[in-house]
Each structure stands twice: as structure tokens, then as C-alpha cells.
Amino acid sequence: MNNWVFLAIAILAETVATTALKASAGFTRVLPSALVALGYGIAFYMLALTLRSIPLGVAYAVWSGVGIVLIALAGWLLYGQRLDAGALVGMALIVAGVLVMNLFSKTAGH
């Protein structure tokens, strides 16, 4: 179970880092730039810990899929970026794919 917690931390850290990447204005702002480096460092370290027991493809699919949705939501909430119907349907399909893989696949290693 700890490996799924590590994966959740990796996802959250990557979401914070990517959100701060926009705020860094091309690495011209110090605080957001530092948050980018710290967030990605934590994200990759936690992802590496996750890979001790969760298969690479499963971990990466969950990490990137959930990250896409969270970053899109952060863009909407923090930067006023609009999500049209196609974007929402696409994100719903990503979440559905992650759920199907984790609930019905033996590859997920439950």
C-alpha cells in the first residue's frame, strides 16, 4: 500500500511543479522556478520508489493520466483556461482507462 501512497505523492508533486512551470514565466521568476525544480525532484524520487513493486507501465499510466486531469483542472482554476467538451470527454476517457486498468487488469499487481 505504501507504493500507492508514493505514487499519489509523485502525482501531486508533478502537478504542483507543472503548474508552477507556467508561473515561472520561462524560469525568469525565482520562487516559481524553485518550486518547479523541487516539485519535479520529489515527483521523480517518489515515482522511483513506486516502481519497486508497481509495474512500470501501470505506474506511468496512472501517474501521467491522473496528472493530465489535475493539471488541466489547475489551469482552469488558476489561469482561467477553458476546457471544451472535447477536452472534458478526453479527460473522462483517460480516467476511465486508468480505472479499467486498475480494477480489471492482472497487470496492475493487486
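Predicted model: local features only at pLDDT ≥ 70, side-chain atom pairs only at ≥ 80, totals over all residues.

Reply: Let us begin with a term: helices are DSSP runs of at least four residues and strands are DSSP runs of at least two, numbered from the N terminus.

Me: How many helices and how many strands does the chain have?

Reply: The chain has 4 helices and 0 strands. Read from the N terminus, the order of its elements is α-α-α-α. The C-alpha trace spans about 45 × 35 × 15 Å along its principal axes.

Me: At what angle do H1 and H2 pack?

Reply: The general idea is that an angle over 145 degrees counts as roughly antiparallel. Helix H1 (residues 2–23) and helix H2 (residues 30–50) pack at about 160°, and their axes are 7 Å apart. H1 is therefore roughly antiparallel to H2. Their crossing is left-handed. Sorted by class, the contact of H1 with H2 has 19 nonpolar, 4 polar and 1 charged residues.

Me: At what angle do the axes of H3 and H4 cross?

Reply: Helix H3 (residues 56–79) and helix H4 (residues 85–104) have axes that come within 10 Å and cross at roughly 150°. H3 is therefore roughly antiparallel to H4. The crossing of H3 and H4 is left-handed. On the H3 side, the contact is made by Val58, Ala61, Val62, Gly65, Ile68, Val69 and Ala72. On the H4 side, it is made by Met91, Ile94, Val95, Val98, Met101 and Asn102. By class, this contact of H3 with H4 has 11 nonpolar, 2 polar and no charged residues.

Me: Let us turn to single residues. Is threonine 15 buried or exposed?

Reply: The rule to apply is that a residue under 20% relative accessible area counts as buried. Threonine 15, which lies in helix H1, has a relative accessibility of 10% and so counts as buried. Leaving aside residues up to four places away in sequence, threonine 15 touches Gly67, Leu70 and Ile71.

Me: Where does valine 36 lie, and which residues does valine 36 touch?

Reply: Valine 36 has its place in helix H2. Its relative accessible area is 5%, so valine 36 is buried. Residues up to four places away in sequence again not counted, valine 36 touches Ala17, Ala20, Leu21 and Phe27. Valine 36 and threonine 15 are 21 residues apart along the chain, and their C-alpha atoms are separated by 9.7 Å.

Me: Is leucine 77 buried or exposed?

Reply: Leucine 77 lies in helix H3. With 64% relative accessibility, leucine 77 counts as exposed. Leucine 77 and phenylalanine 44 are 33 residues apart in sequence, and from C-alpha to C-alpha they are 25 Å apart in space.

Me: What is the phi of alanine 25, and what is the phi of phenylalanine 27?

Reply: The general idea is that most residues other than glycine have a negative phi. Alanine 25 is not a glycine, yet its phi is positive, about 55°. Alanine 25 lies in the loop between H1 and H2, and is partly exposed with a relative accessible area of 42%. Phenylalanine 27 is not a glycine either, and its phi is also positive, about 65°. Phenylalanine 27 counts as exposed, at 52% relative accessibility, and it is one of the residues that valine 36 touches.

Me: Finally, what percentage of the residues of the chain count as buried?

Reply: Of the 110 residues of the chain, 33% count as buried. As for contacts with a separation of 6 or more, residues 24 or more positions apart account for 66% of them.

Conventions: Residues numbered from 1 in each chain as written. Heavy atoms only, no water. Axes fitted to C-alpha atoms, helices over the stretch in contact; angles between N-to-C directions. Parallel < 35°, antiparallel > 145°, perpendicular 65-115°, else oblique. Left-handed = near helix turned anticlockwise from the far one by under 90°. Contact = heavy atoms within 4.5 Å. Nonpolar A, V, L, I, M, F, W, Y, C, P; charged D, E, K, R; others polar. Buried < 20%, exposed > 50% of the residue type's maximum accessible area, 1.4 Å probe, protein only.
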